Amino acid sequence: MYSTGTLISLALLSAVSAQQVGTLTAESHPKLTWSKCSEGGSCTEVSGSVTLDSNWRWLHDTAGSDNCYTGNEWDTALCPDGATCAENCALDGADYEGTYGLKTSGDALTHTFVTEGPYSTNIGSRVYLMADDDENYEMFSLLNQEFTFDVDVSNLPCGLNGALYFVDMEADGGLSSNANNKAGAAYGTGYCDAQCPHDIKFIAGEANVEGWTPSDSDANAGSGKFGTCCSEMDIWEANSMATAYTPHPCTVDGPTACEGTDCSDGDDRYSGVCDKDGCDFNSYRMGDTSFFGSGKTVDTKSKFTVVTQFITADNSTTGALTEIRRLYVQDGTVIQNSAVAIDGIDEVDSITDDFCAQQKTAFGDTNDFEKKGALARMGEKLGAGMVLTMSIWDDHAAHMLWLDSAYPLDKDASAPGVTRGECSTDSGAPEDVEAASPDASVTFSNIKVGPIGSTFSS
């Protein structure tokens with residue numbers, strides 16, 4: 001029996017387990033090009049691809065096609081425990097467009113929210129950018145670099161999130177650190193983030209069946225005893241109504257299985273290994289209600305470019321991260337990020353440690369960002385290399401109100417920092433969003449990375 005506050009060694013967890021590869025559906029990663037840029041703005045196209053996260057994949061017995069997981073429950077005969085389940089069950093290939101609503105074309109990737117497939121209804125999706133070897137995730141080191149992409153959020157209503165972000169996953173999806181993981185990055189294994197999610201079906205190559213509780217509100221999800229934690233850099237969380245970019249540092253390195261206090265669940269939110277709140281810059285929350293949205297300065301009725309710059313103390317790729325800047329480009333015009341208009345916070349337009357400390361004080365929030373190492377810690381992970389993740393999802397826990405409405409609900413909506421967008425506090429219930437907006441979508445395209453000032457025209 002593990003005591004609360006135990007971090008579990010990934011090697012120990014995986015010692016007797018395996019994540020098998022199925023052969024009933026051929027796996028073919030959809031191609032997605034992106035660009036590496038150099039000083040002066042010269043860019044070279046890279047031939048990449050994307051792979052579907054293992055949590056979405058068909059999981060069946062290795063001897064046939066019986067489901068190991070149906071709806072939100074495990075088959076207890078095939079999966080009496082995590083190790084046996086991993087030996088008995090295989091992750092299979094994916095029909096990306098027909099089952100999961102994922103489509104690529106050149107440098108563009110479109111996620112469609114709800115897809116009626118031949119065997120099931122799929123809701124949401126999460127993919128990772130693969131390296132050109134098609135076996136490992138592409139690793140991005142972003143210190144003193146900028147990351148740029150185009151996005152179309154015009155078809156994303158309240159309650160949805162089309163997200164693009166980086167997480168501290170292993171390049172091979174845990175293939176080398178978990179000797180019996182036979183699937184690896186090619187099959188989307190090894191996810192982790194700063195929320196230490198408990199709904200991940202496999203952690204370190206072993207099924208998360210212990211203590212698994214099916215969700216009361218989500219027919220496809222549940223929660224196991226273990227979570228999986230790692231640092232997360234949210235470049236983009238958005239719908240057509242609101243957006244935020246947020247660093248979430250953690251004190252651990254790479255995917256780390258957790259239980260109890262270390263997962264930062266419930267009353268232990270600020271006692272664990274990750275900063276779940278992060279330090280967010282949401283223009284609406286920061287006092288500029290006319291900046292982002294339909295018909296606003298950044299007009300979400302049409303596509304635009306998002307530029308994120310990671311500034312270091314000595315302007316080198318090895319220096320300490322001191323600032324995260326944001327720019328937009330739309331219709332050929334460069335748009336500077338909105339400036340803060342909140343009492344007690346300097347009139348800045350980027351994320352720094354000073355901004356984060358002032359924001360936490362002004363909003364009455366706990367500064368767990370500082371406790372978990374702030375920008376310096378986030379910079380360590382960005383310098384070492386992180387995995388690019390793109391997703392579309394709805395929120396069974398908080399209805400996405402933390403992004404696009406007033407949240408938390410027990411606070412006055414007029415209090416500083418509470419209102420984050422114009423969506424109603426009654427919006428975002430997954431059953432409503434799934435019924436009203438099944439064809440909602442987000443398209444990410446024209447991804448570029450390079451030195452500061454190299455990825456867009458000013």
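The side chains of lysine 225 and glutamate 259 meet in a salt bridge, with N and O 3.8 Å apart; the term denotes a side-chain nitrogen of Lys or Arg within 4 Å of a carboxyl oxygen of Asp or Glu. The pair links distant parts of the chain, 34 residues apart: lysine 225 lies in the loop between strand S20 (222–223) and strand S21 (227–229), and glutamate 259 in the loop between S24 and S25. The model is predicted, with local features requiring pLDDT of at least 70 and side-chain atom pairs counted only at pLDDT 80 or more, while totals for chains, interfaces and linings use all residues. Residues are numbered from 1 along each chain as its sequence is written, and side-chain values use heavy atoms, leaving out hydrogens and water.

**Salt bridges**

Side chains of opposite charge can pair when their charged atoms come close. In this model the count comes to 16 salt bridges. Glutamate 259 counts as buried because its relative accessibility is 5%, whereas lysine 225 is partly exposed at 24%. Here buried means under 20% relative accessible area, exposed over 50%, and partly exposed in between, with a 1.4 Å probe and protein chains only. Glutamate 259 is found in the loop between strand S24 (256–258) and strand S25 (292–293). The C-alpha atom of glutamate 259 is separated by 9.1 Å from that of histidine 198, 61 residues away along the chain. Helices (H or I, at least four residues) and strands (E, at least two) are DSSP runs, numbered from the N terminus.

Aspartate 365 and arginine 285 form another salt bridge, their closest N and O atoms being 3.1 Å apart. This pair also links distant parts of the chain, 80 residues apart: aspartate 365 is in the loop between H4 and helix H5 (368–371), and arginine 285 in the loop between S24 and S25. Aspartate 365 is partly exposed, with a relative accessible area of 26%, while arginine 285 is buried at 5%. A further salt bridge joins aspartate 368 to lysine 372. Aspartate 368 is buried, with a relative accessible area of 2%, and lysine 372 counts as buried at 3% relative accessibility.

| Salt bridge | N to O distance |
|---|---|
| Lysine 225 and glutamate 259 | 3.8 Å |
| Aspartate 365 and arginine 285 | 3.1 Å |
| Aspartate 368 and lysine 372 | 2.7 Å |

A network of salt bridges links Asp168, Asp253, Arg377, Glu380 and Lys381. Glycine 385 follows H6 and has a positive phi, near 115°.

**A strand covered on both faces**

In strand S27 (residues 304–312), 9 of the 9 residues are buried. In a regular strand the side chains alternate between the two faces of the sheet. On one side of S27 lie Phe304, Val306, Thr308, Phe310 and Thr312, and on the other Thr305, Val307, Gln309 and Ile311; all are buried.

S27 pairs in the antiparallel sense with strand S15 (residues 145–152) over 6 bridges; pairing requires that DSSP finds at least two bridges between the strands. Glutamine 309 in S27 is the bridge partner of glutamate 146. S27 also runs antiparallel to strand S28 (residues 321–330), to which 8 bridges join it. There, tyrosine 328 in S28 is the bridge partner of valine 306.

**Other strand pairings**

Strand S9 (residues 102–105) and strand S10 (residues 108–112) pair in the antiparallel sense over 4 bridges, with leucine 102 opposite histidine 111 in S10. The two strands form a hairpin with 2 residues between them, and glycine 106 in the turn has a positive phi of about 65°. S10 is also paired with strand S31 (residues 441–451), in the antiparallel sense and over 5 bridges. Histidine 111 stands opposite valine 442 in S31.

Elsewhere, 3 strands form an open sheet of mixed pairing, in the order S2-S8-S5. Strand S2 (20–21) and strand S5 (59–61) stand at the edges with a single partner strand each, so one side of each has no neighbour in the sheet. S2 and strand S8 (residues 89–91) pair in the parallel sense over 2 bridges, and glutamine 20 stands opposite alanine 90 in S8.
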